[in-house]
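Hi,

Here is the structure I promised to pass on. Have a look, and my notes follow below.

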Amino acid sequence: MSARDAAVQVDGRPTTDPDRGLTAAEVEQRVAEGKANDAPDPRSRSLLDIIKANTLTWFNLVIGSMWAIMLLVAPFQDSLFGFAIVANTLIGIVQEYRASRVLARLSLIGAARPTVRRDGLDVSVAAHEVVLDDVIVLSTGDQLVVDGIVLDSAGLEIDESLLTGEADPVGKAVGDQAMSGSFVVAGSGRYVATAVGRASFASGLTEQAKKFHLTNSELRTAISGFIRSISFLLLPIGALLLFSQAVRADIPIKDAIRGTIAGMVTMVPEGLVLLTSIAMAVAVIRLAAKRVLVQDMPAVEVLARVDVVCVDKTGTLTQPGMHLRSVIPVNAVLPVSPANDVSSSGQQQGLIEDALGALASAQTNPNPTLQAIAEAHRHPGWQVQASVPFSSARKWSSATFAGRGTWVLGAPEMLLADDHPARATAEALAADGARVLALGTLEQPADPEQPITGLSCAALVVIDQRLRPDAAQTVQYFLDQDVTVKVISGDNATTVGAIAAQAGVPGAADPVDARELPESTEELAAVMAESSVFGRVTPLQKQAMVDALHRNGATVAMTGDGVNDVLALKSADLGIAMGSGSSATRAVAQLVLLEDRWAVMPSVVAEGRRVLGNIERVSDVFLTKSFYAIITSVATAIFAVEFPFLPRHLTVIGALTIGIPGFFLALMPNTERFRPGFFKRVLLFSAPAGMIAAACAFTSYGLARSLGEPLPSCQSAATVTLFIVATAVLLQSARPLNLLRIGIVALMIVLFLGILFIPFFSQFFALSLGPERYALISVSVGLVGAVLVWVATLVTDRWRRPQ
């Protein structure tokens, strides 16, 4: 069936001329009819979506309701907590919107741009500009952005594993269905778009399975779990507190409501989720400045948890591009034909050079190796009768030429027997990091489904690759950070080992040939634990290696740029693609290095560690607040007394010991690697700290009451004590201390003293510290509490910190 015939038969209706493509008028008509590939971006959110996500939450509803009640029953000062929540929410909306705008701009750089045939010319367009009946030109590495029917195929092989789960590439012939979301692994061809936008196969999967989400992370799951637990306690404790004050203590209902709301609002760590979102959004903006595109927000968290980095040799450790070093003839019997009749070594050398030029020109989409050969050897004008494109699984390509026979170029291990004399030469050449290929002839055209046998080797082709100047420094950074580096490449194991040795990768002296790897995941996991450098790895083996590392308990980051890396990138905890890599690779990766600089990875990892380490710090103080609020509320209900704090008191404590310093702590540098057990460590710190804070504050309150102090003085005593203990908690959480962190804490203390001693603020917040007995009690009990926090931290650190 011809390409033109296939086009006519699509859906039983006439369609596009495959050679001319659509005209500009036909494209405009289809756009006007809504037949463009306008599918929603699964990773983007509109401003309205961001506003709704930050405002329409259960806790905002609860706290907003309490704020409205407080405005009715209490002075304005006791309603300040509501304004703080509004301000925090606005900050969160602004930061997330900024991050989304930055991502949108960078996404345009890294997005797939399919090539379409229009008015007889091949033009590159954005994916959303493809319309129904467009003729799309395919080459190796392209991702299919719409569904369609194949019009012509030159060894076209498509990987549909991301859609169907089937690992083996599928050869496509004229008339076959091609689905969006798949990608080309070998050959080239054209297909006509039959379903676009929401009607395409992958679009349905995308909308269901890849919607933008900010909460899909271990960190946020742990925080959400704690908040969910608080939600179950909120209403019962609130009801108990209200009953105790209004009925048992016979306090006026307005004062009882005011005390109840003060306790309930303080129980909620409402700013913690917000600070987590802000920290991640700021990380996205910072990474964007380094030309790193974050395609999935939780990837920022995974950055900090990575303990194994798997890298490809080509394009990651080595510089982009290759060049031909030499062609070494091998004594071989060339095909017998008048065209190949050679009588001298010079003529044989000329034939080899012509064959290389012809092979490089025979591929419609040559890889970097063939491009290097094409630059060195011109096309001799040989006529191609049949060809097999290169694929990462086969590791060879071939072409049959009229009157010249069949020539094959590929990995010596795949083409030559183990005892072939040229194998030893190839291994020696590969020892210095060169890529070595075997060139030879076959008596019959090559079968892409069968291994090569009976090759008559004519020459060894030596291709040079250069190590990136910053590769060794980047590898050393990872090693210093206790991150294991593993090099996984489809190239010759000796070549890979030589390049890895130059980069300083441990174990490079003993590279492993992946053809000898076991198929069992358990056995493969043992090999992965012992070895670090692997060559002749197939795409399926790369994926299996990632799975084996997972079996060993590793958190794996995988870098890659070619279609042979797609499956491994998808399986890894963190997929990192090069900006110049294939569109399929960029599509499945969570991070894209837009400038192809692997050297940026240390700063990328450091950004992830900064976010997670700092969020753990602020979680310590936020959850401490929840614990002391719960304990104080329960104690108030048990003893049937007025609540020890006015809402404005707790607003001041929350702002000066949690909210303001927490914002700065969340954005400060932090190089500590994230360790499993985040929630356990936070609870080990915050539970005893919260108990100490509540006990000390309630003690000051009780002692002041027993001395006959008026209620405002008793509440001031409790507030001063709580501030001192909460400041001690903040200092412990901020470790290791430096001048900046000490300065922030000192500033909070100065602000609190200003509230106590500046008359306007003292009256506004109903706080004072005079020469009365309650003042001595509050400071003394607070200092005792600070010491107890320090002692408790010494004890809990034995479980929280690595030995």
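A crossing is called left-handed if the near helix is turned anticlockwise from the far one by less than a right angle, and right-handed if clockwise. By that rule, α9 and α23 cross in a left-handed way. Helices here are DSSP runs of H or I with at least four residues, strands are runs of E with at least two, and both are numbered from the N terminus.

Before going on, the background: this is a predicted model, where local features need pLDDT of at least 70, side-chain atom pairs count only at pLDDT 80 or more, and totals for chains, interfaces and linings use all residues. Residues are numbered from 1 along each chain as its sequence is written, and side-chain values use heavy atoms, with hydrogens and water left out.

Back to the helix pair. The axes of α9 (residues 253-267) and α23 (residues 601-639) come within 7 Å and cross at roughly 150°. (Axes are lines fitted to C-alpha atoms, for helices over the stretch in contact, and angles run from 0 to 180 degrees between N-to-C directions.) The two helices are therefore roughly antiparallel; that label needs over 145 degrees, while under 35 is roughly parallel, 65 to 115 roughly perpendicular and the rest oblique. Gly263, Thr266 and Met267 of α9 make the contact (heavy atoms within 4.5 Å) with α23 residues including Tyr628 and Ile630.

There's also an open sheet of 6 strands, ordered β10-β15-β14-β13-β12-β11, with antiparallel pairing. Strands pair if DSSP finds at least two bridges between them. At the edges sit β10 (323-329) and β11 (384-388), each pairing on one side only. Strands β14 (residues 435-442) and β15 (residues 456-464) are joined by 7 bridges, and alanine 438 stands opposite leucine 460 in β15.

Cheers
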